[in-house]
Amino acid sequence: MNEIAIKKDGEIIDTQTAKECGFEGEQIHLDNSPESLEILRHSTAHLMAQAIKSLYPDAEFYVGPVVKEGFYYDFKTSAEIGEGDLKKIEKQMLSFAKKKYLIEKYEISMDEAKEKFKDDHLKLEVMKRIPSDTVSIYKQGEFEDLCRGPHLPNIGLIRYFKLTKIAGAYLGGDSKNEMLTRIYGIAFATKEALKEHMTMLAEAEKRDHRKLGNEMKLFTFREEVGAGFPIWLPAGGRLRARLESLLFKAHRKRGYQPVRGPEMLRSDLWKTSGHYQNYGENMYFTHIDELEFGVKPMNCVGHIKVYEDELHSYRDLPIKYFEYGVVHRHEMTGALHGLFRVREFTQDDAHIFCRADQIEEQIIEVVDFVDKIMSTFEFDYKMMISTKPEKAVGSDEVWEISTQALKNAMDKNELAYEIDEGGGAFYGPKIDIKITDAIGREWQCGTIQLDFNLPERFHLEYNGEENDKIQPVMIHRAILGSFERFIGILTEHYAGEFPMFISPTQVAIIPVAQTHKEYAKLLSDKLIDINADSEIYVKNDSLNKRIRTAEKTRVPMIVVIGDEEIKNKTVAIRDRRTREQYNLSEEEFLKLIQTKINEVNF
RNA sequence: GCCGACAUAGCUCAGUUGGCUAGAGCAGCUGAUUUGUAAUCAGCAGGCCCGGGGUUCAAAUCCUCGUGUCGGCACCA
């Protein structure tokens with residue numbers, strides 16, 4: 001085992017520094033522990049820089065940190081580097097590693113450093129951000145880099161790595177700055193760990209909802225339709241309809257009323273709401289009869305108009321309106337990504353108009369609603385409170401009150417949350433729900449937003465006990481976020497193997513021969529009666545072929561029927577997961593399906 | 001929007017340094033076969049090679065402008 005660093009007072013110190021300062025502490029060996037990988041990957045980033053410098057001598061380097069999924073280095077060179085060059089760089093890295101250069105460290109003054117890197121404007125940029133008078137330099141062979149470490153003692157220890165991606169990145173993460181080249185990589189202490197990681201990446205790729213959506217015929221996109229406008233195919237339509245209907249019932253149980261606003265509204269209204277000023281660049285507008293209309297990017301204004309349709313008493317509150325609201329938002333081209341980021345989507349949107357003293361109970365009720373849904377789909381989740389953003393309407397005081405109200409509701413009910421400073425909506429602070437899927441990735445879905453501003457802007461009111469006019473509070477909330485995004489996430493979460501209750505097709509029926517078609521149709525009708533969709537595979541293919549075809553659709557259950565089954569009024573079931581077969585009477589079978597579909601209640 | 005890559009049949013992909021009639025598998029259609037748990041056999045059809053414009057005797061192939069997709073960055077009210 002190689003000692004690569006020590007841990008002293010919780011701090012990781014590389015061997016170079018430890019020797020220099022005479023420190024001693026707990027030894028860190030080269031293995032796949034987080035501390036060890038951090039050092040290894042950081043040094044691998046340097047080795048990559050060394051290789052790049054030798055291949056592209058004019059290269060200048062910015063920063064090369066370790067990140068969650070490995071490491072990267074940002075640099076600039078006059079040469080054009082593409083995906084194909086990664087292999088070449090890897091090869092060069094290996095050949096340097098074989099030379100087993102020691103990684104040496106020394107300190108110099110900031111002025112000396114500026115002189116040393118005077119030809120590298122990126123390094124000078126880095127130094128501008130370092131407040132100290134001295135900096136440390138790490139040297140391996142001819143290559144020297146400004147760095148605070150920690151590093152491996154020897155680059156010969158770097159053996160199992162892979163350069164994974166090449167992309168552009170803004171200097172300092174600011175889109176006003178120049179764009180640099182960024183190469184991502186990953187490194188491990190053992191060959192097995194690297195292999196496992198690559199397998200995991202392949203698994204994530206297999207689950208990609210864009211690929212599965214295409215294979216399973218859920219949805220598609222077409223160039224001639226326009227970027228970011230999804231087309232729902234029959235199978236996707238069925239899946240979506242199931243989700244919608246489950247959720248409809250759940251809303252009704254909780255006292256929400258279905259309503260619907262128009263797809264576009266006069267721009268004057270968007271000016272009143274503040275969307276025109278704060279969100280206009282993402283909106284689609286159209287002019288007709290000398291009037292300007294804005295296609296809705298949110299549903300709140302429509303729901304406000306529903307609220308305004310009659311006078312409300314304090315006794316009526318809370319009033320809850322919900323709508324599967326279709327919205328259009330002009331997202332930037334580079335942001336579009338399958339169903340995850342689109343320009344037209346449907347939100348499971350609702351607005352709760354309530355009294356100030358009802359805020360807490362309403363927030364808690366929504367949080368509970370979220371919990372029911374997310375746990376049904378086996379998602380872990382966490383909540384974030386987002387505060388006032390740069391672009392915002394309303395006074396600081398109102399923002400302070402509403403942010404505090406959200407925190408109070410969470411604190412009082414001992415719900416854990418994190419703070420996202422400046423991440424709120426322009427009209428109010430929000431609680432975002434971030435879910436974690438089956439392979440550990442995080443997604444932002446639902447959101448609960450507290451809004452004092454729109455009621456003010458639209459002069460909403462209700463009659464109080466003294467027959468006085470009081471302004472209601474508005475809570476905007478979506479639980480799935482959007483059907484598009486949520487179905488995309490579900491697809492990856494389940495790797496396409498949707499549970500029975502939302503699966504596009506519940507059962508595939510395969511008659512052994514043509515003579516069994518009639519019974520198949522009979523079964524299929526009985527399934528429709530219990531709200532289950534089935535598909536009969538009657539094509540003139542071998543039995544084996546039809547089973548294979550059905551399996552590939554990832555249908556939860558396949559039933560085969562032949563002479564046996566018809567005689568005994570049974571079905572032969574083949575399970576998707578286990579591929580085992582068993583027989584059930586027709587009655588038992590229908591009951592099983594019914595149970596599986598109805599087992600879910602949000 | 002920015003950096004880079006890519007776009008060939010419904011889908012997945014071949015297509016030599018620009019050069020004969022642009023190919024394959026799957027899916028589709030037709031016929032034979034009537035099947036007991038992951039691919040029966042044979043035949044047929046299917047293409048404005050993403051769209052404009054250009055270079056060339058000759059363009060799927062080279063250049064250019066769009067459109068779309070992918071990987072990141074920035075964005076995500």
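Which phosphate-oxygen distance separates RNA strand B from a polar side-chain atom of Thr333, and what is its value in Å? In this model a polar side-chain atom of Thr333 lies 2.7 Å from a phosphate oxygen of RNA strand B.

This is a predicted model, in which local features need pLDDT of at least 70 and side-chain atom pairs count only at pLDDT 80 or more, while totals for chains, interfaces and linings use all residues. Residues are numbered from 1 along each chain as its sequence is written, chains are lettered from A and ligands numbered from 1 in the order in which they are written, and side-chain values use heavy atoms, with hydrogens and water left out.

**View 1. Chain A as a whole.** The secondary structure of chain A comprises 19 helices and 31 strands, where helices (H or I, at least four residues) and strands (E, at least two) are DSSP runs numbered from the N terminus. Along the principal axes, the C-alpha atoms fill a box of roughly 80 × 75 × 50 Å. Of the 602 residues of chain A, 50% count as buried, a term that means under 20% relative accessible area, with exposed meaning over 50% and partly exposed lying in between (1.4 Å probe, protein chains only). When contacts (heavy atoms within 4.5 Å) are taken between residues at least 6 apart in sequence, 69% of them join residues at least 24 apart.

**View 2. The protein surface around RNA strand B.** There are 51 residues around RNA strand B, and Met298, Arg329, Ala425, Asn540 and Arg579 come nearest; a residue is near a strand if one of its heavy atoms lies within 4 Å of it. Sugar and phosphate account for 52% of the atoms of RNA strand B that come within 4 Å of the protein. By class, this surface has 18 nonpolar, 16 polar and 17 charged residues, with Ala, Val, Leu, Ile, Met, Phe, Trp, Tyr, Cys and Pro counted as nonpolar, Asp, Glu, Lys and Arg as charged, and the others, Gly among them, as polar. Among the elements that each supply at least two residues are strand E10 (160-170), helix H7 (209-215) and helix H17 (543-552).

**View 3. Side chains beside the phosphates and a base of RNA strand B.** A polar side-chain atom of Arg210 lies 2.7 Å from a phosphate oxygen of RNA strand B. At a base, an N or O atom in the side chain of Arg574 is 2.9 Å from a nitrogen of RNA strand B.

**View 4. Two nonpolar cores.** A nonpolar core is a set of buried Ala, Val, Leu, Ile, Met, Phe, Trp, Tyr and Cys residues joined through side-chain atoms within 4.5 Å. The largest one has 56 residues, and those that touch the most other members are Leu243, Ile363, Phe377, Ile435, Phe486, Leu490 and Phe602. Helix H12 (residues 359-376) gives the most to this core, with 8 residues. A second, separate core of 43 residues includes Leu47, Ile81, Ile166 and Ala187. Not counting residues up to four places away in sequence, Phe486 touches Leu243, Met374, Phe377, Phe379, Ile435, Cys445 and Leu480.

**View 5. Two buried glutamates, each paired with a histidine.** Glu323, in strand E18 (residues 319-328), is buried because its relative accessible area is 4%. Its side chain makes a polar contact with the side chain of His303 (2.8 Å); such a contact is a pair of N or O atoms within 3.5 Å, and within protein one must be able to donate a hydrogen and the other to accept it, while residues adjacent in sequence count only if both atoms are side-chain atoms. Glu292 belongs to strand E17 (residues 291-295) and counts as buried because its relative accessibility is 19%. The side chain of Glu292 makes a polar contact with that of His287 (3.4 Å).

View 6. Most residues other than glycine have a negative phi, and most peptide bonds are trans. A cis peptide bond, with omega about 0°, joins Leu317 and Pro318, and Pro318 lies in the loop between helix H11 (300-308) and E18. Lys217 is not a glycine, yet has a positive phi of about 55°; Lys217 is found in the loop between H7 and strand E12 (219-220) and counts as exposed at 53% relative accessibility. Lys569, in the loop between H18 and E30, has a positive phi near 50° and is partly exposed, with a relative accessible area of 46%.
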